[in-house]
Amino acid sequence: MGEPLRAWVDEGPDGLSGVRTVAPSHALWHAIEQQLAGDRRACARELVQFLLDERPALRLLDRALRAASGTRLPADFAVANAMRCYARVDVSGQEGGVLACALRPNEVRAIGRLRGALPGAAWSDVTFDLGRGLARGLAGAPVRALPRLAAIARRLWRGHEPAAALRAVELIAYYARFSELLASGRYRVAAMSTYTNPWGLALHAAARRHGIPVVLAAHGMPVWPVARLDYDLAIVDSAASRDMFIRAGCQLDRVVLESARAAHRPLPRALPDRPLVIGVLLSKEPGPAVVPWLDGLLARPDIGQLVVRPHPASVWRGLERALARYPRDRVVLGTGRSCAEDLARVDFAIAGNSSVHVEALVRGTPAIFVPELDATTDDSYGLIASGLVVVQRSPAHVRFERVLRAYDQPRWRRVLARYANLDDTAADVTARLRAEFASLGVA
């Protein structure tokens, strides 16, 4: 991290927002700009507020840093946290070929699918283990660069919210560590799955600086606005996602659409002759209407049971307490290891601002969009605007027969085709992935 960072932190050009193709020497600063822009989104700010409401320790830290804004403490804390990020990064595997970075569970799954399609390739995985990093030692730590990093932290702190400033300084540390790894020349491709978190943006920037192709294995639909990054290969779920990246100004040299054909099932055309089972699929930060909707659904005589599935990365700690007031035979927690297993148990899926609507509709489960179930009520994926999902705002007034009729239309099926690749088989996609990686120099 030492010598490279001393050069990189002095680069910082202004006015990058109008640049179409970012020069490798400006990659770090473009990444920071994209990170800060993403953290200004309403949904990002709402997530931070939700976390502060749910986590007393984070709330106390936020208050302490804000109270100390006129001192050196916030910048010193940001630098110490950045050093923690730098120290925790290491590599496992073959230490060559593809350097894959995945931290969150959805990222790990996306990279895992890609790895499964390329069994003959050499894979190296970025690990995030502070204990292992400390055992490795910090011989390359940028002691001489720390004053400059602290100056950057103070500048960020003056113009941005604490969480955004901390994440931007984290990005610099991750970038420095990734650049050390990529400078070895052992890696042919860098694979990432997030463009909203510091480690993903940092790997992208480091790969750009070293002239290494970048592959995006997207783990779901992009949330608008999308970070403006360029990719040598993008693996996305649908034409709608591809078009959203392009609309954001991303340059996609090659694109492979994942196949949803094997999972596709037709939607029912009539209601079952029994009380309905409704799936309530929650987002990471559920909105205040979750409990009122559960109450309203249970009050209906045509509904027999609710299956509540929390998000795998949920930050809501009060779910079990909220469900304890209901009869156990009428409200149950989703038990499927995958979302597909829980969708198979229900007649309708209800969710907020989530791409899970697409998965439900592909798998033959009618979906209902309830904006108030999510802390972010925006139509971030364009599902409502495109006509893909039916919107309902009152549990008492949902007419399930009308929902089925809305989906039984030729126009709707054309919209679904934009959100799910039903034409190609899994074998088609695998063949394309292997050909694209071969063109990048990875067998």
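Modeller: Two strands are said to pair if DSSP finds at least two bridges between them. The model is a predicted one, and in it E4 and E5 are joined in the parallel sense by three bridges, so that they meet the requirement of at least two.

Biologist: Which residue of E5 stands opposite Ala-191, and what makes the crossover between E4 and E5 right-handed?

Modeller: Ala-191 stands opposite Val-215 in E5. The chain goes from E4 through helix H10 (residues 198–209) to E5, and the crossover is called right-handed because, with the strands pointing away from the viewer, the path over the helix runs clockwise.

Biologist: Why are both faces of strand E5 called covered?

Modeller: Val-214 and Leu-216 on one side, and Val-215 and Ala-217 on the other, are all buried; since buried means under 20% relative accessible area, each of these residues falls below that cut-off, and therefore both faces count as covered. In a regular strand the side chains alternate between the two faces of the sheet.

Biologist: How do you know that E2 pairs with E4 and with E3?

Modeller: Four bridges join E2 (residues 97–100) to E4 (residues 187–192) in parallel, and three bridges join E2 to E3 (residues 123–128), also in the parallel sense; as at least two are needed, both therefore qualify as pairs. Ala-100 stands opposite Ala-191 in E4 and has Asp-125 as its bridge partner in E3.

Note on methods
Residues are numbered from 1 along each chain as its sequence is written. This is a predicted model: local features need pLDDT of at least 70, side-chain atom pairs count only at pLDDT 80 or more; totals for chains, interfaces and linings use all residues. Side-chain values use heavy atoms; hydrogens and water are left out. Buried means under 20% relative accessible area, exposed over 50%, partly exposed in between (1.4 Å probe, protein chains only).
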